[in-house]
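Morning, everyone. Please have a look at the structure on the screen, and then I'll walk you through it.

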Amino acid sequence: MPEPVPADAPHADGAGSEADEDEPGSTQLSGLFVEKPPSNVVVVSGADITFVAKVDSSSLQRKPTMKWLKGKWLDLGSKAGKHLQFKETYDRNTKIYTYEMKMIKVVPGDAGGYRCEVSAKDVCDSSTFEISVEAAHQDDQADILSAFKRADAGEDEGELDFSALLKAAKKKKKPEKEEPEIDVWELLKSAHPSEYEKIAFKYGITDLRGMLKRLKKMKVEPKHSEAFLNKLESCYTVEKGKKIVLSCEVLDPNVQVKWLKNGQEIKPSAKYVMEANGNIRTLTINKTTLADDAAYECVVGEDKCSTEVYVKEPPVTITKLMDDYHVVVGERVEFEIEVSEEGAHVMWFFEDQELHKDKESTKYRFKKDGKKHTFIIQEATLDDAGMYHAWTNGGHTKGELEVEEKELEVLQDIADLTVKATDQAVFKCEVSDEKVTGKWFKDGVEVLPSDRIKMTHVGRFHRLVIDDVKPGDAGDYTFVPDGYALSLSAKLNFLEIKIDYVPRQDPPKIHLDTTGNMVSQNTIIVVAGNKLRLDVEITGEPAPTVVWSKGDQPITENEGRVRVESRKDLSCFVIEGAERSDEGNYTICVTNPAGEDKAVLFIKIVDVPDPPENIKCMGVGEDCATIVWDPPKFDGGAPVKGYLMERKKKGSSRWTKLNFDVYESTTYEAKRMIEGIFYEMRVFAVNSIGLSQPSLNSKPFMPIAPTSEPTRLTVHDVTDSTCSLKWLAPEKIGAGGLDGYVIEYCKEGDTEWVVANKDLCEKQGFVVRGLPVGEKINFRVVAVNIAGRSLPAILSQPVTIREIVEHPKIRLPRDLRTKYIRKVGDKINLTIPFQGKPHPVATWFKDGQPIDPKMVNVRNTNVDSIFFIRSAEREHSGTYEMVLKIENMEDRASINIRVIEKPGPPQNVRVTDVWGFNAALEWDPPKDDGNSEITGYTIQKADMKTKEWFTVYDHNRRPNCTVSDLIMGNEYQFRVYSENLCGLSEEPRLSKNTAVIPKTGLEHKPNPYKEMDMACAPKFTQPLVDRSVVAGYSTAISCAVKGFPKPKIVWMKNKMIIGEDPKYLMQNNQGVLTLNIRKPSTFDGGKYSCMAVNDLGKDEVECKLDVRVATDPDKK
């Protein structure tokens, strides 16, 4: 789009007018702005500033488009974010659009020339303004009271705002020497190009490329180009992903050009398309990317023209905004957004601090998946609460994270203790989270461990143990869990007892409590995994010594899983997490000088049973299976109540419960399964304690059912010792398939079935042999597959084993009852079925004589006879008779076979009469009719001049005919073909004489005719054309000539006649002359001429052939 600049607009650096001179001004300024930003703005570094532009849309048909630009091309819309913010509002009453650009915390790099540009269809307007950035005042001591004024001023302007003074105090630095003002343009002019980036960074230049472009124009004066008529535009701009065309016009239309990008030659490809159309040279860049933002040159010899291509990156917008999260400490948090383009850069901020991926810490994770961006906090803490932001160059979103402390449940609180001197004090509490740690405090001071004070943390239990309690240990004790606003407190009271010493001795005594866990006297049952704490009261003076032992091994540990805790008058035996190995007899022995006492306790550990063993499938059905197993080796100390079963399909991980009530037996029939699917089973044992671990999976098994019984069992044949049976397959076979059949028989009245076949019969028929003559036998057939035998198919009545005599009978097919006709060379294959019992004997005869086996092949079976001739000949014709005999009974059938071929030609064809335009023909039948009746004749005629034959009659049945419509003055000859069922005869018979149709006195008087003189001297109608070709590529030159008589053609090179050189191929096609030159070299260049000569004269044309060497662009 054109970029108009108002005449009175100030230029930031004096070079803007030069940069804009090359821009075409096709659209005029229309004065759309109602309010423009001020032309010059001075702002203090670190402050915020807002620019406002208003546009009147009352005369516009479409909504206007506003762009904020820095320099000439930098579109600030793509830089929207935390530093630059844009706002658009619309007043419906006044139809005025208000556009705002706000800069947050201006930096020195923001200084420079800016432009706001509004466009709507064919009208546009723009306004330029300059921003100058000054450093913040470091020591403003002149008006110190102004620093104390309130920031919001207003009516309370006189009140003081000390925060401003504090901020000012923080910013005070040592006074710096004032440096003279430096002209950046003069600095860039004198600097080396390698210093440009350093200068831009030092002086805050953001549009360095635009400044260098203008600097180049200031340095270099344009000079006249001899190679270019129109050079490239000074610069081009294109949006990312779009196509751009760079075009220039050269002086020579045949000149070769090179295109360079940043000084590197561009090779043609799908992205870079180079075209030459006359004098126009174009470079098309498809699907531009940011990498295409560069300087381009078009080079012709030593001359060149250059341009700059600026690629605008469209702003990346946020399509899915960030959600708020409310979590507790330790939970995972995932902030997720979606942007408009894949691969976009997203910045994440926590409050005002940018978040980066830290290799040393795994707390934060950043994840990209296409357009989806995710920020992950692995374990949230209270410090993570706050506002999180995601920024792109075209959008911003935020989400709030609220983190709450976990609720910690107190399962057992600390109890107050009152202890005597030298006793042990134990504070114990239990919380819901095993991972929670904490600290102990006494009267607000943290308790530290020592030889006398010990702190332990086992699972959910926290203990503080104080040995040898002293008066100074009394006080308030508090346990504070880490990370929770919670505390547990209890008081330790010191009991000081003064007793006058009276020597006394009492024998020790063990006082066992037989209630609670005692199931019988001195027997305690403990569930495995549970805790056993046995408190035994002991009396005696002086205090007796207590010894616990298991068997002969004393238990002395006071810490650990199995331990003994001693208190005054009390001995505690503790087992944490009871195991099977803890079962046995335990002895407690107490002694003092006055005596001894013992007690024996039996601790029984009960547990869930071991899993069942040896899971097997003993049988299957169509949808069921029988499963058996062995009881577990160890019942867990309690009787097994029963079992629970589960099954699953093989390869699956999903188990299905088969019973919810305990099943007592070790044999189970699983039902409702799918036939043909492999299953696995497992079993759990159940006792009063609980459920065992699952057993090992059974071997895979498949529910399969036997097939249904075979169908339609019938007797096919019976002899004196055999019976032939036939049947059909079962209607239902199932997934187990069908392996075969078993045939069984038994005598009538007997119940013992005899198997007739050793191996399974796979066919649906079987001959039972070795049967007694005259006995009545019952038969049955059983289908067998992997699941077993099916139900039997039984004959309804017994079969008497006796030969049945049946008269022989030939069943001659209907098509053989009449004459059987075949052509010579055809194959004859006849199958004649017959019947009779016992098996009859078939014999063939021809014309009353036995057939010759060399001429005819015959093969007989029990039910038919096959008559076969491989290649029929005429001598095979005749009457064949088949005789079928059984002892003194017989049956006969005759077949008349005729082998035919094409007939011979007719005999004695002659013209018997000619009258008018007609001729009468007669002939005799052929000597050889091909062993078939003649069905007709085909008559043809031919004019003796042309000798071309034309059919007159087809299928003429008589041996004579009359040919009409003959032409007067012509002489005709005739020929005749004979025809039978095989077709026309191979050769015709010509008539012995001809038929002449005489003229009837007509005389032809031809018109006088003068032949036109076509003679002319040679003349070229199309001359040769000069050509320029590339060496090594075959070429051709052509021209056209006319002349009569046909002229002689002579080709010459440089006036020398070209002979029979294989390099040249000369062609003449209807007067079009072509000289083909095969792979010419530079020596083949020169003047070529073509000369045409005949008796009336000659003509000559010539052309110039230029052969140039192909140039390799890579070598240039």
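I'll take aromatic rings, then strands, then some backbone details.

First, the ground rules. This is a predicted model, so local features need pLDDT of at least 70, side-chain atom pairs count only at pLDDT 80 or more, and totals for chains, interfaces and linings use all residues. Residues are numbered from 1 along each chain as its sequence is written, and side-chain values use heavy atoms, with hydrogens and water left out.

Rings first. A pair of aromatic rings is described by the distance of the centres and the angle of the planes. Rings of Phe, Tyr and Trp (its six-membered ring) pair if their centres lie within 6.5 Å; planes under 30 degrees apart count as stacked, over 60 as edge-to-face and the rest as tilted. How many aromatic pairs does this rule give? The count is 26. Take Tyr 745 and Phe 779. Their ring centres are 6.2 Å apart and the planes stand at 45 degrees, so this pair is tilted. Tyr 745 belongs to strand β55 (residues 740–747) and Phe 779 to strand β58 (residues 776–785), 34 residues apart. Strands here are DSSP runs (E, at least two residues), numbered from the N terminus.

Tyr 745 is buried at 17%. Phe 779 is buried at 0%.

Next pair. Trp 923 and Tyr 937 are edge-to-face, with 5.4 Å between centres and 70 degrees between planes. Trp 923 is in strand β72 (residues 918–924) and Tyr 937 in strand β73 (residues 936–943), so the pair ties together parts 14 residues apart in sequence. Trp 923 is buried, at 2%. Tyr 937 is buried too, at 5%.

There is also an aromatic cluster; its members include Tyr 325, Trp 348 and Phe 375.

Now strands. Two strands pair if DSSP finds at least two bridges between them. Look at strand β87 (residues 1086–1094). Seven of its nine residues are buried. Six bridges join β87 to strand β83 (residues 1048–1053), and the two run antiparallel. Nine bridges join β87 to strand β88 (residues 1097–1108), again antiparallel. β87 and β88 form a hairpin, with two residues between them. Follow Tyr 1088 in β87: Lys 1053 is a bridge partner, and so is Cys 1103 in β88.

Now an open sheet. Which strands form it, and in what order? The four strands run β1-β3-β7-β6, with antiparallel pairing. The edges are β1 (33–35) and β6 (84–91), each pairing on one side only. Eight bridges join β6 to strand β7 (residues 96–103). Asp 91 has Ile 96 in β7 as its bridge partner.

Last, the backbone. Most residues other than glycine have a negative phi, and most peptide bonds are trans. Here are some exceptions. Glu 541 and Pro 542 are joined by a cis peptide bond, with omega about -10 degrees. Pro 542 sits in the loop between β40 (532–541) and β41 (545–550). The bond from Phe 1044 to Pro 1045 is also cis, with omega near 0 degrees. Lys 105 is not a glycine, yet has a positive phi of about 50 degrees. Lys 105 is exposed, at 57%. Gln 1070 has a positive phi of about 55 degrees, and is exposed at 78%.

That's the tour. Thank you.

Technical notes
Buried < 20%, exposed > 50% of the residue type's maximum accessible area, 1.4 Å probe, protein only.
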